[in-house]
Amino acid sequence: DWRIDSEPVLSRELLAHVVSVESHAELIRARMEELLGKLSEIARLEEDVLLETLKLENVDPEKALEESTQRRAEETAEKQEKLSEQLKAMSEEGLENLREAMKNPVFNEETLSEWSETMQEMQELSEGKMQEASKQLSKSSSSSSKSERSENLSEAENTEREILEELQELQGEINEQLDELE
């Protein structure tokens with residue numbers, strides 16, 4: 001203690017784990033593999049949303065304005081919104097992994113740049129097309145005209161197909177990036 005007249009005080013203990021550069025790189029790689037697994041799950045759930053949208057499109061026009069059908073459309077919109085939030089959280093987690101990887105000299109600048117672009121694409125997808133699809137599904141649930149409802153569902157379906165394509169591309173990019181680390 002810096003005071004002469006006070007009693008000695010113990011500072012809190014700190015435990016520091018020192019890992020090798022290679023161990024740290026392997027930890028980052030494992031985190032990125034975990035991210036890939038989560039992305040695969042989001043892609044699978046996006047397929048489920050697309051299938052539900054297709055079912056809603058094929059509903060008999062007489063039943064299309066029933067409350068149960070509108071409720072299904074709203075639930076599908078909520079699922080889409082939740083997937084968007086999960087993908088955004090994943091991109092933030094990926095950016096955190098990237099910041100950690102920057103501390104390690106094993107990772108070259110080109111690889112880090114590719115990861116950064118991939119995480120940015122994830123964030124743009126979650127904030128763009130996924131939000132758009134959710135809004136289209138919500139509009140279809142509140143549409144009073146059959147033609148407007150059908151148009152909104154068709155737009156949502158097209159957007160969801162684009163989302164699936166982009167998710168598959170992201171999976172491929174992450175796979176390639178992980179292969180480069182081996």
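Glu117 is partly exposed, with a relative accessible area of 48%, where buried means under 20% relative accessible area, exposed means over 50% and partly exposed lies in between (1.4 Å probe, protein chains only). The structure is a predicted model, in which local features need pLDDT of at least 70 and side-chain atom pairs count only at pLDDT 80 or more, while totals for chains, interfaces and linings use all residues. Residues are numbered from 1 along each chain as its sequence is written, and side-chain values use heavy atoms, with hydrogens and water left out.

Glu117 lies in helix 3, and together with Glu121, Glu124, Glu165 and Glu169 it forms a negative surface patch. Such patches are made of residues with over 30% relative accessible area and no salt bridge, with like charges joined within 9 Å and nonpolar side chains (Val, Leu, Ile, Met, Phe, Trp, Tyr) joined within 5 Å. Lys and Arg count as positive and Asp and Glu as negative, whereas His and the chain ends are not counted; the place of a charge is taken as NZ of Lys, CZ of Arg, CG of Asp or CD of Glu. The accessible areas come from the Shrake-Rupley method with a 1.4 Å probe, and for residues only the protein chains shown count as cover.

Helix 3 (109-127) and helix 5 (146-181) each supply at least two residues of this patch, and helix 3 gives the most, with three residues. Helices here are DSSP runs (H or I, at least four residues), numbered from the N terminus.

## The aromatic pair

A search of the whole structure finds one aromatic pair. The ring centres of Phe107 and Trp115 are 5.5 Å apart and the ring planes stand at 50 degrees, so the pair is classed as tilted.

## Salt bridges within a helix

Side chains of opposite charge can pair when their charged atoms come close. The structure holds 13 salt bridges, a salt bridge being a side-chain nitrogen of Lys or Arg within 4 Å of a carboxyl oxygen of Asp or Glu. One of them joins the side chains of Arg29 and Glu33, at 2.0 Å from N to O. Arg29 and Glu33 are four residues apart in helix 1 (residues 21-57), and are therefore separated by about one helical turn.

Another salt bridge links Glu96 with Arg99, their closest N and O atoms being 3.3 Å apart. Glu96 and Arg99 both lie in helix 2 and are three residues apart, about one turn of the helix. Here Glu96 is partly exposed, with a relative accessible area of 42%, and Arg99 also counts as partly exposed, at 45% relative accessibility.

## Salt bridges between helices and a network

Glu127 forms a salt bridge with Lys88, with the closest N and O atoms 3.5 Å apart. Because Glu127 lies in helix 3 and Lys88 in helix 2 (residues 67-101), the pair ties together parts that are 39 residues apart in sequence. Glu127 counts as partly exposed at 46% relative accessibility, and Lys88 counts as partly exposed at 31%.

## Distances across the fold

Glu33, which is found in helix 1, is 141 residues from Ile174 in sequence and 8.3 Å from Ile174 in space, C-alpha to C-alpha. Leu164, placed in helix 5 and buried, with a relative accessible area of 10%, is 119 residues from Leu45 in sequence, with 9.9 Å between the two C-alpha atoms.

Leu65 has its place in the loop between helix 1 and helix 2 and counts as partly exposed at 33% relative accessibility; the C-alpha atoms of Leu65 and Gln136, 71 residues apart along the chain, are separated by 16 Å. Glu7 is in the segment before helix 1 and counts as exposed at 66% relative accessibility. The C-alpha atoms of Glu7 and Thr159, 152 residues apart along the chain, are separated by 69 Å.

Methods:
Rings of Phe, Tyr and Trp (its six-membered ring) pair if their centres lie within 6.5 Å; planes under 30 degrees apart count as stacked, over 60 as edge-to-face and the rest as tilted.
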